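Visitor: I'd like to learn how to read a model like this one. Could you take me through a few features, one at a time?

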Amino acid sequence: MRINLKVQELTLQYPAYTVLDGVEFSIEKGEMVALLGANGAGKSTLLRALTRSLAPARGAVLLDDCDLRKLTQKEISRTMAVVPQNTGVDFDFTVEDVVLMGRFPYLGRFQKESRTDREIAREAMEMTGVADLAARSAATLSGGERQRVIIARALCQQPELLLLDEPTANLDISYQSTLLELAVTLNRQKGITVIAAIHDLNLATQFFDRFLLLAQGRLLAAGSAEEVITPENIQLSYGVQAVVFRHPLHGRLQVSVPSRRENGPRAPGPGSAAAAECTLPAVHVIGGGAESIQALDALREAGARLSVGPVTAQDSSFQYARFFHLPVVEIMPFSPISEAAQHEHLALLQQADLVVVPPIAFGPGNLVNLESVLQAARQGKKVIVMEPESAPDRDYTGGKAQAAVQELLAAGAEGVPDTAGLIQRLTKK
Amino acid sequence: MHRRKTIFLMIIIMALALSFLLGVGSGAVAIGWRDIAALVLLEPLARLGLAPGPEAEIPAVTRSIVMQLRLPRVLLASAVGASLAVAGAAFQGLFRNPMADPFVVGVSSGAALGAVMAMVLGQTFSLLGFGTVPLFAFGGGVLTIFLVYNMARIGKTVPVMTLLLAGIAVSAFLSALVSLLTYFAGDELHRVVFWMMGGLGGATWLRVQVMVPYAAAGFICIFMFARELNAMLMGEETARHLGVNTEWVKRVLLVGASLLVAASVSTSGIIGFVGLAVPHLVRLVAGPDHRYLLPASALLGAALLIAADTLARTVIAPTELPVGIITALVGAPLFIYLLRTHKRLRYFSNLE
């Protein structure tokens, strides 16, 4: 495979400030590359160096093994087309006029656009879905339309390489995927190499194959999504703690960054050294699905030390517990609770000042957890049952779970109507 | 749009023909269009053997008024009007700024300083038949543009915004020098002030002969880069991505437009408003494509300046008004009216 673009030890400096520091990579023909990195990491600068808008202090950019500096502007433009971040057109050129400007690198000084040029423009407009707008003034288009007009202009240059600078930055979610799907189509059908600086990691993993991650002007990682998009790399480049998981629909990696509040200092888990000096209550929450997460999150925000009770690794409350380093009892999916796990669970119940039963569904698999809590309650453990009156709707055990809830209340457990009630109950203590 | 452009171009050409006839025909002695046609069209054609000779002899007085006085004046007016309009269009495109006019980078101030120096210092010599005033004016204008260009230069590049600001600053400085000299002008004061108002009173064939090649050279320079100018309107970086060698384009356009301005100012003083308003007028009707805008502006600029000059010399005849007064007095209200009624004039609004 022919090497299309090669960057050698690229270093770029502004006065008293190094923006790119020894960046090196090569991109082969037909690749679909996402350029990632935090604001100020050097993405735009790298793109501008690739197009010769900025001159490097050291190193070189090679286009098909030829130094960019040795090529004329027209030669570069026949190989490489750029879609800038700001696609504003202030003058009322028609859409067709704007797209035809893409033929500039092929036209001699006194040459008029030929029929072939117009056909190329027409084809480019059809590909990007703006052919109907050909006679419209480009100044009157919406952001999404304008972006596609500018891509049509880029296609008119018949490039081998298409550079996109934050192509989705100003678009709504429908245009974002339309646009990146278009980029994929161009890549597959025309063999155009696509390089895009992109902020949205989740869109990037969905549409790109290869990733370059910049941090502080250096290339931190390069390769597949699995190699580049890891919590460690994200911590290093963006400075945030993130969860990386697979999307339930397409299976690509996805990144989610919990809000700052959740990234803040955590209450220590029960049994830890800090816990001994902590005055906040240790709370054990019976796990299972979104309902338990709501309770967990509210409790954690209130400052409680938490632990989570038997859940499978696929359960969202398990991932929650992992992210916040909470003690959690893990069980195998589709199997009854093992002896070891049951033992572990009882130990956590023992350590807790308070046990919370969120409004989760109960079936034959987790009825045993309710029974464990009942046992603890009878030994004098404080228990709060959320939404006890809706228990019959969540009972898939033929009345056993509902009966257990009633017994719990009889044994001294308190019922609260919702999460707010739970927190109120907790802070009153 | 295409039809609209063709019709507009035909209207401009008719306006030019009409203003030509008016310009040559009106004055202290009125001359009919038949005589004008015979003198400027049929006679040269007959001389080339392409048309029969004139039927009736044209009086010698008429001939001399047309050939010695009015024709050079009308031709000079058209060359100056076209130059200013094209220079204005080029600067507006280059700077992507609606306020740019031919004088924006300070060429006019430099030329004015040269002219005023020549008048105040009272040096009189002539070179190739030119007096000191046009020579000094031309030199001042050309020097200024080199000064501004080099002040704005950072390494090999010249950012247009820096160029614009350097132009404004240099222009202000030179204008102050002009005021200073004017203050000490003494007996020459009247002449200095009159020159700066702009006028075509000194039109001779010699001036036409010098102005026309300059204008032609400048036009060719700028027209050749019409497509590049269109790309530059998309922003400099985008233009580069499209394959435009922007630094080269800027240099050529700057030099071309400045030559047009320096030549115009040195022959006829500072005539305002034509260079600002004409390109806007054309854009309003026919859009921003420079391949049309530049030639159309040239023709319309020529037509309007001939008309304004004709008005200037007939409105309070035998006294002649400086033509710069007419262009601003009539042009400004018209321009403001267009600005109020046509929102499209504001399409420069979203500049980065």
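Guide: Let's begin with what a contact is: two residues are in contact if their C-beta atoms, placed from the backbone, lie within 7 Å. Keep in mind that this is a predicted model.

Visitor: Which residues of H11(A) meet which residues of H12(A)?

Guide: On the H11(A) side, take A:Gly289, A:Ala290, A:Ser292, A:Ile293 and A:Leu296; their partners in H12(A) are A:Ser316, A:Ser317 and A:Tyr320. Sorted by class, that contact holds 4 nonpolar, 4 polar and no charged residues.

Visitor: And at what angle do helix H11 and helix H12 of chain A pack?

Guide: The angle is about 35°, and the axes are 8 Å apart. To find the pair in the viewer, look at residues 289–302 for helix H11 and residues 316–323 for helix H12, both in chain A.

Visitor: Now zoom out. How is chain A divided into domains?

Guide: Domain 1 covers 3–245 and domain 2 covers 262–428. Taken over C-alpha atoms, the centres of these two domains of chain A are 50 Å apart.

Visitor: What about the interface: how many residues of chain A are in contact with chain B?

Guide: A general idea to start with: interface size is often quoted as the accessible area lost when the parts come together. Here we have a residue count instead, with 22 residues of chain A in contact with 23 residues of chain B. On the chain A side, the elements giving two or more residues are helix H2 (73–79) and strand S6 (80–83). H2(A) gives the most, with 3 residues. By class, that side of chain A has 10 nonpolar, 7 polar and 5 charged residues.

Visitor: Backbone angles next. Which residues other than glycine have a positive phi?

Guide: Two examples will do. A:Asp65 has phi near 65°, and A:Glu166 has a positive phi of about 45°. A:Asp65 lies in the loop between strand S4 (58–63) and strand S5 (66–67) of chain A. A:Glu166 is in the loop between strand S7 (161–165) and helix H6 (173–190) of chain A.

Visitor: Is A:Asp65 buried or exposed? And A:Glu166, buried or exposed?

Guide: Counting neighbours settles both: a residue is buried if 20 or more other C-beta atoms lie within 10 Å of its own, and exposed if 12 or fewer do. A:Asp65 counts as exposed because it has 9 C-beta neighbours inside 10 Å. A:Glu166 has 20 other C-beta atoms within 10 Å, so A:Glu166 is buried.

Visitor: What lies in between those two limits?

Guide: B:Ile325 is a case of that, being partly exposed because 16 other C-beta atoms lie within 10 Å. B:Ile325 sits in helix H14 (residues 323–341) of chain B.

Visitor: Why does the radius of gyration of chain B agree with a compact globule?

Guide: The idea is to compare with what the chain length predicts. A compact globule with 352 residues would have a radius of gyration near 20 Å, and chain B has 21 Å, so the two agree. Along the principal axes, the C-alpha atoms of chain B fill a box of roughly 65 × 55 × 40 Å. Of its 352 residues, 49% count as buried. Among contacts in chain B between residues at least 6 apart in sequence, 77% join residues at least 24 apart.

Note on methods
Residues are numbered from 1 along each chain as its sequence is written. Chains are lettered from A and ligands numbered from 1 in the order in which they are written. This is a predicted model: local features need pLDDT of at least 70, side-chain atom pairs count only at pLDDT 80 or more; totals for chains, interfaces and linings use all residues. Domain bounds come from an automatic or database domain assignment. Helices (H or I, at least four residues) and strands (E, at least two) are DSSP runs, numbered from the N terminus. Axes are lines fitted to C-alpha atoms, for helices over the stretch in contact, and angles run from 0 to 180 degrees between N-to-C directions. Ala, Val, Leu, Ile, Met, Phe, Trp, Tyr, Cys and Pro count as nonpolar, Asp, Glu, Lys and Arg as charged, and the others, Gly among them, as polar. The radius of gyration is taken over C-alpha atoms; the globule rule is 2.2 Å times the number of residues to the power 0.38.
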